[in-house]
Amino acid sequence: MSDPDSAPAGSQPAPSNLVMRILAALVLAPLAIALAYAGGWLWALLVTLVSIGLFAEWLMVVGAGSTALTGAGTIVIATMGLCVAFGALKTAIITGLIGGAIVTVIARGKFVWAASGFAYASAALLASILLRKDLVNGCAALMFVLLVVWATDIGGYFAGRGIGGPKLWPRVSPKKTWAGALGGFSASLLVAAGFAACGIGKMAPLLLVAAVLSVVSACGDLLESAVKRRFDVKDSSHLIPGHGGLLDRLDGFVAAILVAWIIGFLRHGVHSAGSGLMVW
């Protein structure tokens with residue numbers, strides 16, 4: 001998620017940048033929703049490709065993007081995606097553990113950062129596919145997470161630009177404000193209220209879950225900002241017009257989907273994590 005509240009109060013975003021952000025969102029959001037709704041191998045394919053992209057961008061940010069390392073990680077993540085998509089979760093996990101060891105060895109001096117990036121991309125892969133695989137509530141759970149993250153991002157963007165005020169964490173992300181954080185948090189609660197109003201879950205638990213996921217999403221954004229600041233990188237790439245790279249766009253989602261899956265897993269197990277998140 002590229003810095004949403006990135007201007008002082010009263011200022012307006014550059015028209016060309018805002019237009020590019022809107023156009024990119026109009027293309028990518030419907031695609032993500034359509035494939036999330038379809039589920040199955042279509043969603044698994046999208047998630048696998050995105051996870052490979054996350055790993056590749058992470059390596060570039062930390063200065064470890066060698067051909068051998070990127071290639072090895074790509075093969076392992078693709079294999080994991082194929083395995084988990086067709087129900088071979090144990091094989092996917094074993095593949096990930098072996099692949100992570102291989103990535104660590106190839107990375108040499110950058111092994112800590114390379115291993116962290118591999119774990120980051122692998123966690124995003126597994127959580128995104130497993131949450132959706134719940135045949136009863138997987139689709140609703142995935143849509144809930146997507147909308148909470150998007151609401152946090154959009155609410156933060158406009159509240160931050162319209163109100164401004166004190167900075168959230170200047171040392172890590174100097175352009176984010178408390179107003180943006182609170183605006184995004186409030187918007188996420190509206191998503192929960194909307195789901196409950198439509199009869200998809202109970203109001204109080206969904207508000208609590210949305211609050212947790214919104215905060216986690218914002219923390220994921222700050223984590224990625226901290227990594228980029230550590231290596232003096234502005235954007236993870238220029239893949240998405242107006243947004244930067246996949247890491248810039250999906251940092252909040254990766255954190256939120258992982259925590260969402262953990263909540264669902266702890267309540268209803270591996271194969272019913274969607275129900276564990278939505279049914280209280």
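Is K176 buried or exposed? K176 is buried, with a relative accessible area of 5%; buried means under 20% relative accessible area, exposed over 50%, and partly exposed in between (1.4 Å probe, protein chains only).

The structure is a predicted model, in which local features need pLDDT of at least 70 and side-chain atom pairs count only at pLDDT 80 or more, while totals for chains, interfaces and linings use all residues. Residues are numbered from 1 along each chain as its sequence is written, and side-chain values use heavy atoms, with hydrogens and water left out.

## Salt bridges

The structure holds five salt bridges, a salt bridge being a side-chain nitrogen of Lys or Arg within 4 Å of a carboxyl oxygen of Asp or Glu. Helices (H or I, at least four residues) and strands (E, at least two) are DSSP runs, numbered from the N terminus.

| Salt bridge | N to O distance |
|---|---|
| R249 and D153 | 1.9 Å |
| D221 and K176 | 3.5 Å |
| D248 and K228 | 2.7 Å |

The bridge between R249 and D153 links distant parts of the chain, with R249 in helix α9 and D153 in helix α6 (residues 138-163), 96 residues apart. R249 has 18% relative accessibility and therefore counts as buried. D153 also counts as buried, at 6% relative accessibility.

K176, the residue of the opening question, meets D221 in a salt bridge. K176 lies in strand β2 (residues 173-177) and D221 in helix α8, so the pair ties together parts that are 45 residues apart in sequence. D221 counts as buried because its relative accessibility is 2%.

The bridge between D248 and K228 connects helix α9, which holds D248, to helix α8, which holds K228; the two residues are 20 residues apart. D248 has 0% relative accessibility and so counts as buried, and K228 is likewise buried at 9%. Salt bridges that share partners join E224, K228 and D248 into one network.

D248 has a further contact. Helix α9, in which D248 is found, spans residues 246-268. A polar atom of the D248 side chain lies 2.8 Å from the backbone nitrogen of G245. A polar contact is a pair of N or O atoms within 3.5 Å; within protein, one must be able to donate a hydrogen and the other to accept it, and residues adjacent in sequence count only if both atoms are side-chain atoms.

## Aromatic pairs and charges over rings

Rings of Phe, Tyr and Trp (its six-membered ring) pair if their centres lie within 6.5 Å; planes under 30 degrees apart count as stacked, over 60 as edge-to-face and the rest as tilted. By this rule the count comes to seven aromatic pairs. One of them, F55 with F118, is edge-to-face, at 6.0 Å centre to centre and 85° between the planes. This pair links distant parts of the chain: F55 belongs to helix α2 (residues 40-61) and F118 to helix α5 (residues 111-132), 63 residues apart. F55 counts as buried at 0% relative accessibility, and F118 is buried with a relative accessible area of 6%.

W113 and F231 form another edge-to-face pair, 4.9 Å centre to centre with 80° between the planes. Because W113 lies in helix α5 and F231 in the loop between α8 (203-230) and α9, the pair ties together parts that are 118 residues apart in sequence. W113 is partly exposed, with a relative accessible area of 26%, whereas F231 is buried, at 18%. W58, W113, Y120 and F231 form one aromatic cluster.

A charge sits over a ring if NZ of Lys or CZ of Arg is within 6 Å of the ring centre and within 35 degrees of the ring normal. The charged end of R230 sits over the ring of F231, 4.8 Å from its centre. The ring of W280 has the charged end of R267 over it, 3.8 Å from the ring centre.

## The surface

W41, L42, L45, L49, L82 and F86 make a nonpolar surface patch of about 680 Å². Patches are made of residues with over 30% relative accessible area and no salt bridge: like charges are joined within 9 Å, nonpolar side chains (Val, Leu, Ile, Met, Phe, Trp, Tyr) within 5 Å. Accessible areas come from the Shrake-Rupley method with a 1.4 Å probe; for residues, only the protein chains shown count as cover. Helix α2 gives the largest share of the nonpolar patch, four residues. W41 lies in helix α2 and counts as exposed at 55% relative accessibility.

L208, placed in helix α8, is exposed, with a relative accessible area of 57%.
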